[in-house]
Amino acid sequence: MAGSTDYKNKWQAENRERINMVVPKGYKEKIKTVAQKTGESVNGYIKKAVDMRMQRDTGNTLADATPQQPQGKPAPPESESTKGKAGQETPPVSVPSTPEPVRKRGHAPLTKENIAKINLHQLLTDIRYQFDVRDAFGADALGELLKYAREQNTQHTE
């Protein structure tokens, strides 16, 4: 077994990088709680959040920027402790059944009626829901909706 651990450590050193984050007290626990609710590890949750932001800001994702695994160096098998947990499915965002005139690349338009169908609290707290909204309305609209949800959240907490 020691050989297996040595191989994993060597592979990780050659193929992975670590990023240390400093966050305010309590922030880590909040991320952990939300990640568990979505069936993900904290690491997976943060990577998806970064990926969404990169997609919004640059049009590229982490997957676009990640080099392919070199031939002859298979990744070590993941242990149960590093796998994301199987989560509950988040219901997809409701999209109107009648087509609207202003659509971008097959996405639903961002109308008042469609915005009213979106759970703004869930949009701020559930990464899978954010992916569903992005798929329904597009990345640009998701950015606008997140901004709107944050503004609404701020108004309700004041």
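This is a predicted model: local features need pLDDT of at least 70, side-chain atom pairs count only at pLDDT 80 or more; totals for chains, interfaces and linings use all residues.

Student: Let's start with Val-23: is it buried, exposed or partly exposed?
Tutor: Val-23 is partly exposed, because its relative accessible area is 31%. Buried means under 20% relative accessible area, exposed means over 50%, and partly exposed is in between (1.4 Å probe, protein chains only). Residues are numbered from 1 along each chain as its sequence is written, and side-chain values use heavy atoms, with hydrogens and water left out.

Student: Where does Val-23 sit?
Tutor: Val-23 is in the loop between α1 (2–15) and α2. Helices (H or I, at least four residues) and strands (E, at least two) are DSSP runs, numbered from the N terminus.

Student: Which residues make up the nonpolar surface patch of about 420 Å²?
Tutor: Ile-19, Met-21, Val-23 and Tyr-27 make that patch. Patches are made of residues with over 30% relative accessible area and no salt bridge; like charges are joined within 9 Å, and nonpolar side chains (Val, Leu, Ile, Met, Phe, Trp, Tyr) within 5 Å.

Student: Zooming out, how many helices and strands are there?
Tutor: The protein has 8 helices and 0 strands. Buried residues make up 25% of its 158 residues.

Student: And how much accessible surface does the protein have?
Tutor: About 11,900 Å², and carbon and sulfur atoms account for 52% of that. Accessible areas come from the Shrake-Rupley method with a 1.4 Å probe, and for residues only the protein chains shown count as cover.

Student: OK, inside now. Which residues touch the most other members of the largest nonpolar core?
Tutor: That core has 19 residues, and Ile-118, Leu-123, Val-133, Phe-137, Leu-142 and Leu-145 touch the most other members. A nonpolar core is a set of buried Ala, Val, Leu, Ile, Met, Phe, Trp, Tyr and Cys residues joined through side-chain atoms within 4.5 Å.

Student: Which elements give two or more residues to this core?
Tutor: Those are α2 (27–37), α3 (42–58), α6 (120–125), α7 (127–137) and α8 (139–157). The largest share, 6 residues, comes from α7. In soluble globular proteins, nonpolar side chains tend to be buried together.

Student: What about Gln-130, buried or exposed?
Tutor: Gln-130 counts as buried, because its relative accessibility is 10%. This residue lies in helix α7. Leaving out residues up to four places away in sequence, Gln-130 touches Met-52, Leu-123, Leu-124, Leu-142 and Leu-146. Contact here means heavy atoms within 4.5 Å.

Student: Which residues are buried in α8?
Tutor: Ala-141, Leu-142, Gly-143, Leu-145, Leu-146 and Ala-149 are buried there. What covers them includes α3, α5 (112–116), α6 and α7.

Student: How many residues does α8 have?
Tutor: α8 has 19 residues, and from first C-alpha to last it reaches 27 Å, close to the 27 Å expected at 1.5 Å a residue. The expected span is 1.5 Å times one less than the number of residues.

Student: Switching to charges: how many salt bridges does a search of the whole structure find?
Tutor: It finds 5. A salt bridge is a side-chain nitrogen of Lys or Arg within 4 Å of a carboxyl oxygen of Asp or Glu. One of them joins Glu-40 and Lys-48, with the closest N and O atoms 3.1 Å apart.

Student: Is Glu-40 buried or exposed?
Tutor: Glu-40 counts as buried, because its relative accessibility is 7%, whereas Lys-48 is partly exposed at 32% relative accessible area.

Student: Which residues are linked in a network of salt bridges?
Tutor: Arg-53, Arg-56 and Asp-57 are linked that way. Between Arg-56 and Asp-57, the closest N and O atoms are 3.7 Å apart.
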